[in-house]
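Here's a quick tour of one protein chain. Have a look at the model first, then we'll walk through it topic by topic.

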Amino acid sequence: MKGRWQRVTYFNVSLANRPGELARFADQLHAEGIDLLGLWGFATEEDEPELCCVPRVPGALRAWANTVGLPLREGQALYLHDENRPGMLVETLDRVAAAGINIIAVECVAAGEGFGWFLWAEPGDMEDLEEMLL
């Protein structure tokens, strides 16, 4: 497998802090046929769960959220799915640092022989990051 960086649209979504809210949200996405490249969540300082969703088709999530009145905050990140090889993360982050680009967030996971990750830079640096990695 040879990975290739691609720009993706992500959405931040706030959910109520109650048991079952994440399951309900996932069920609704499934029912709408919205496939995700990534989903992760965390509690904010206000103790409200916040999700970061990266759909394969951003317009599908946008349209569904608009239909159900779910507010979304949208942004851009870079995504890579590649083979998992030792040093890949360090090599890439060193290149980014040498280019003077500040990474503001990263999410990585290895699964078997695969490695997937998302990188975020300041909005004004996204084009430079994308150009450097592509």
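Where is the place of Glu 45? You'll find Glu 45 in the loop between strand E2 (36-43) and strand E3 (49-55). Keep in mind that this is a predicted model: local features need pLDDT of at least 70, side-chain atom pairs count only at pLDDT 80 or more, and totals for chains, interfaces and linings use all residues. Residues are numbered from 1 along each chain as its sequence is written, and side-chain values use heavy atoms, with hydrogens and water left out.

**Overall layout**
- The protein chain has 4 helices and 6 strands (DSSP runs numbered from the N terminus: H or I with at least four residues for helices, E with at least two for strands).
- Going along the sequence, the pattern reads β-α-β-β-α-β-α-β-β-α.
- The C-alpha trace spans about 45 × 30 × 25 Å along its principal axes.
- Of the 134 residues, 35% count as buried (buried is under 20% relative accessible area, exposed is over 50%, and partly exposed is in between, with a 1.4 Å probe and protein chains only).

**Surface patches**
- Patch residues have over 30% relative accessible area and no salt bridge; like charges are joined within 9 Å, and nonpolar side chains (Val, Leu, Ile, Met, Phe, Trp, Tyr) within 5 Å.
- Glu 45 itself is exposed, at 82% relative accessible area.
- Leu 89, Leu 93 and Val 106 make a nonpolar patch of about 190 Å² (areas come from the Shrake-Rupley method with a 1.4 Å probe; for residues, only the protein chains shown count as cover).
- Leu 89 sits in helix H3 (residues 88-98) and is partly exposed, at 32%.

**Salt bridges**
- The whole structure holds 7 salt bridges (a side-chain nitrogen of Lys or Arg within 4 Å of a carboxyl oxygen of Asp or Glu).
- Arg 56 pairs with Asp 35, with their closest N and O atoms 2.6 Å apart.
- That pair links distant parts of the chain, 21 residues apart: Arg 56 is in the loop between E3 and helix H2 (58-68), and Asp 35 is in the loop between helix H1 (21-32) and E2.
- Glu 50 pairs with Arg 73, and here the closest N and O atoms are 2.7 Å apart.
- Glu 50 lies in strand E3 and Arg 73 in strand E4 (residues 73-83), so this pair ties together parts that are 23 residues apart in sequence.
- Glu 50 is buried at 13%, whereas Arg 73 is partly exposed at 38%.
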